[in-house]
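Open the model in your viewer and keep the selection tool ready. Each stop names what to pick and what is there.

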Amino acid sequence: MSIVHLPRRAVLLGLPAAGLATACRRGSADKAESALTRDEERSLKTLRLIDPDHPLFAMTLYGPYDPLRQTTALAPISRPFACSLFLAGHGSRGPLFGRNFDWGPNPALLLTAKPPNAPASLSLVDISYLGIDQGAAKRLLGDDELRRMMLKAVGIPFDGVNQHGLAVGMAAVDSAKAPKVPGGPVVGSARIQRLALDQARTVDEAVAVFRRYNVNFAEGEPPLHYLLADARGKAAAIEFVDGEMKVIPSTGDWHDMVNFVLSTADERQRQADDRYRTIADRMRRTGGRLDPAGAMDLLSKVAQRHTRWSAVYELRHGEMSLALGRDYRRIHRVKLAS
């Protein structure tokens, strides 16, 4: 993974820079029961701070991991929540996956995973769910016990892309009741995204991954729905309504998802949401043809007071543009090396 930072005064979009406190469940740091493996030692040597203002850390995870191992649960919702996601299917850089993560002002990790038997992937993780709050983040690089917690971050991606150009992201909704899959393993609502990144190349394959598992919205966890997109420019939203999995595919060159259940909303209800309408209007005007700067500009138009990060994934190139805390003057450029 390579990272290039634009200077703070280098204006990408010409937009002014501007969280919402949210309760989070504090995970306890497990004490080491055995020595680190060689892969784990190698991984932790890559852990570094790349933006102290928010803060944002980065790490490359080498070696195998168990994608089904449960490590943590997501925290209850403290409203307002307002994540926005879209696919722009046919820009100058190919399909783009845009995502605003609107949540509490917590530390984050930019994680590159390089498992031996799955595609490499790039994802973003809110590490408060590993017990790393703002105070702990200041001690992270010098505290071996806290550093070890980063090895568990692979199981809870909040959005991400793999080397095949399959991207996934989530947003909270008012309710979600998943079907029971006979004999299917039970996985958490963030972990299913890891399984999609590890097992799928396309939207169709990722939908099949979702169908193989029992997605568990544990008591107190936020109900979610998901947007999938791939390098061919295809997208689909996945929702769980009354014990049934609903798949809402893209019907043109774009897709749009915010914080209401698409499968039960008519066009009047969709247009009543400012963020959905803003994204849909831009997509209709452009035919879903945005470049990375245009996609980031659109994310800035639907950003909230508590937008934690804005990410634009280039699905054919394995590249990401990342803005933190609505600071659109400073863009982190990231490339996934397979």
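Select Asp 242, in the loop between strand 13 and strand 14 (244-249); strands are DSSP E runs of at least two residues, numbered from the N terminus. Phi of Asp 242 is near 50°, a positive value in a residue other than glycine. Asp 242 is exposed, at 72% relative accessible area (exposed is over 50%, buried under 20%, partly exposed in between; 1.4 Å probe, protein chains only).

This is a predicted model, numbered from 1 along each chain as its sequence is written. Local features need pLDDT of at least 70, side-chain atom pairs count only at pLDDT 80 or more, totals for chains, interfaces and linings use all residues, and side-chain values use heavy atoms, without hydrogens and water.

Next, Arg 326, in the loop between strand 17 (319-324) and strand 18 (332-335). Its phi is also positive, near 65°. Arg 326 is partly exposed, at 23%.

Go to Pro 55, between strand 2 (48-51) and strand 3 (56-62). The His 54 to Pro 55 peptide bond is cis, omega near -15°.

Now the rings. The whole structure holds 9 aromatic pairs (Phe, Tyr or Trp six-membered ring centres within 6.5 Å; planes under 30 degrees apart are stacked, over 60 edge-to-face, the rest tilted). Pick Phe 97 and Tyr 313: centres 6.1 Å apart, planes at 50°, so tilted. Phe 97 is in strand 5 (residues 94-102) and Tyr 313 in strand 16 (residues 307-314), 216 residues apart. Both are buried.

Finish on the cluster: ring pairs link Phe 101, Trp 103, Tyr 129, Phe 158 and Trp 309.

Note on methods: Helices (H or I, at least four residues) and strands (E, at least two) are DSSP runs, numbered from the N terminus.
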